[in-house]
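Here are some notes to read with the model open beside you.

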Amino acid sequence: MAQRNVKEARAGAAGEGNGPHAGAATGTRASKHLELPQYETVALMLQGGGALGAYQAGVYQGLHEAGVLPNWIAGISIGALNTAIIAGNAPEHRIERLREFWETICQPAFGPPLPPFVEHAFFNSTDAVRKAFTAMQAVGAIVDGQKGFFVPRFPPPLPTVSGPPQLASYYDTAPLKATLEQLCDFDRINSGETRVSIGAVNVGTGNFAYFDNSHPGTTLKAEHFMASGALPPGFGAVEIDGQYYWDGGLMSNTPLNQVAQTTPRRDTLAFQVDLWSAIGPVPDNITDVQGRVKDIQYSSRTRMVTDMMQRTQRFRHVLRELLDRVAPEHRDDPWCKLAEELSCSKRYNVIHLIYRNKEYEGHYKDYQFGLSTMHEHWQSGLDDIRASLAQPGWLDMPDNDSGFVTHDIHRDTR
């Protein structure tokens with residue numbers, strides 16, 4: 001059920017502690033809770049974006065502080081991995097487990113990490129030093145892999161030598177399977193306590209697929225979440241029930257449509273967390289061109305999707321109003337019955353949170369897993385959700401003629 005009977009307050013209210021290390025054992029600060037309208041679904045939708053996914057952990061921390069517990073979490077790629085950590089733990093342990101996950105995978109796979117004070121010194125030095133340092137960390141991810149996540153295959157695959165599909169990649173993600181099984185309770189995920197949907201692409205058919213714990217006969221395992229993040233050629237396809245799957249971001253990098261178009265429709269408050277911004281500067285060098293291509297490719301045109309959904313929902317609302325004005329003796333008309341099926345009076349409120357690029361970041365930002373960078377991403381997500389929840393009226397049930405509203409802290413408060 002949606003969040004109910006909690007004390008009203010604003011998430012931006014005063015309190016101590018910020019970022020992934022803040023607060024007590026759960027990593028949260030003391031905070032009053034929000035009182036939400038009677039939404040039937042409170043959804044958290046997590047886009048793919050590799051190392052940028054720490055931003056989503058910060059967003060979840062802010063929701064947790066405010067007492068907003070999603071009853072549906074949908075993710076793709078790194079969003080699917082965050083989904084596993086959140087849904088696979090009791091609410092009081094989720095921030096702690098997210099922190100453990102991110103602080104694990106942001107260490108080199110081989111050898112000790114830099115002492116924290118050394119990393120902090122490099123990261124907080126001049127812009128030139130920071131750019132060089134983060135670029136070096138990205139190279140380290142390519143050469144050595146990341147702890148508890150992926151390691152290079154040795155020997156590396158030869159371009160024309162055939163073998164099992166899951167081995168046709170440059171990296172082995174067996175460490176990720178062990179990490180997920182250590183940090184997630186899959187019995188809890190499959191209990192249906194929270195609805196979970198994760199997107200992947202069927203390599204053989206080219207079709208997009210959602211693995212959903214609400215579907216009869218579906219039992220989610222670590223492999224389902226790994227399939228959602230199996231971006232080729234870095235990561236190999238993951239076999240599930242005799243079929244092979246790649247990263248869902250190859251086709252659609254946001255689960256927004258999955259949540260909004262599911263029937264039967266329900267009054268929904270959705271937090272859409274994107275890691276790639278469609279809006280950005282025109283690049284003037286080859287390095288920046290590579291980064292901008294990723295932004296455009298993986299942003300999934302979320303705002304275009306929400307605009308289209310708003311128009312569609314408006315048509316459904318108008319149809320519902322017209323039907324209410326049809327005389328009862330005509331309601332058995334076949335056209336009225338069809339209109340009844342197509343109409344809808346449900347309402348949707350989408351709170352959009354988009355990670356904003358930092359000046360020092362290059363085209364490698366999605367595989368630059370430095371601890372200091374992770375902490376900054378986390379803090380950005382926490383700041384954005386706190387600011388969003390503090391906006392008057394943003395969580396209200398839509399009352400316009402479309403029954404659909406969107407809010408974006410970077411757009412609506414400029």
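**Notes on the predicted model**

1. Let's start inside: Phe149 and Phe235 are both buried. This is a predicted model, so read every value below as computed from it. The two rings sit with their centres 5.8 Å apart and their planes at 50°, which makes the pair tilted. Phe149 belongs to the loop between α5 (127-144) and β3 (151-152), and Phe235 to the loop between α8 (222-228) and β7 (238-240), so the pair ties together parts that are 86 residues apart in sequence.

2. A second pair is worth a look. Phe186 and Phe225 are also an aromatic pair of the tilted kind, at 6.0 Å centre to centre with 55° between the planes. Here too distant parts of the chain are linked, as Phe186 is in helix α7 (residues 186-190) and Phe225 in helix α8, 39 residues apart. Phe186 is buried at a relative accessible area of 14%, and Phe225 counts as buried at 0%.

3. How many aromatic pairs are there by the ring-centre rule? The count comes to 14. Phe149 and Phe235 also turn up in an aromatic cluster, together with Phe150, Tyr171 and Phe369.

4. The loop between α8 and β7 has something else to show. Pro233 lies in that loop, and the peptide bond joining Pro232 and Pro233 is cis, with omega about -5°. Another cis bond runs from Thr263 to Pro264, with omega near -5°. Pro264 is in the loop between α9 (256-260) and β9 (268-274).

5. Ser77 is not a glycine, yet its phi is positive, at about 60°. Look for Ser77 in the loop between β2 (72-76) and α2 (78-87). Asp241, again not a glycine, has a positive phi of about 50° and sits in the loop between β7 and β8 (243-247). Which of these counts as buried and which as exposed? Ser77 counts as buried, with 12% relative accessibility, while Asp241 counts as exposed, with 78%.

6. Cys106 is buried, with a relative accessible area of 7%, and Cys184 is buried with a relative accessible area of 7%.

7. Leaving out residues up to four places away in sequence, Leu52 touches Leu275, Trp276, Tyr355, Glu361, Lys365 and His377. Tyr39 is 13 residues from Leu52 in sequence, and their C-alpha atoms are 29 Å apart.

8. You'll find Ser299 in the loop between α10 (286-298) and α11 (302-324), where it counts as buried at 4% relative accessibility. Setting aside neighbours within four places in sequence, Ser299 is in contact with Gln47, Asp274, Trp276, Ser277, Ala278 and Lys294. Ser299 and His93 are 206 residues apart in sequence, with 31 Å from C-alpha to C-alpha.

9. Last, a helix pair. Helix α3 (residues 94-105) packs against helix α13 (residues 371-389) at an angle of about 145°, and the axes are 10 Å apart. On the α3 side, Ile95, Leu98, Arg99, Trp102 and Glu103 meet Leu371, Met374, His375 and Trp378 of α13. Sorted by class, that contact of α3 with α13 has six nonpolar, one polar and two charged residues.

How values were computed. Residues numbered from 1 in each chain as written. Predicted model: local features only at pLDDT ≥ 70, side-chain atom pairs only at ≥ 80, totals over all residues. Heavy atoms only, no water. Buried < 20%, exposed > 50% of the residue type's maximum accessible area, 1.4 Å probe, protein only. Axes fitted to C-alpha atoms, helices over the stretch in contact; angles between N-to-C directions. Helix = DSSP H or I, 4+ residues; strand = E, 2+ residues; numbered from the N terminus. Contact = heavy atoms within 4.5 Å. Nonpolar A, V, L, I, M, F, W, Y, C, P; charged D, E, K, R; others polar. Phe/Tyr/Trp six-rings, centres within 6.5 Å; stacked < 30°, edge-to-face > 60°.
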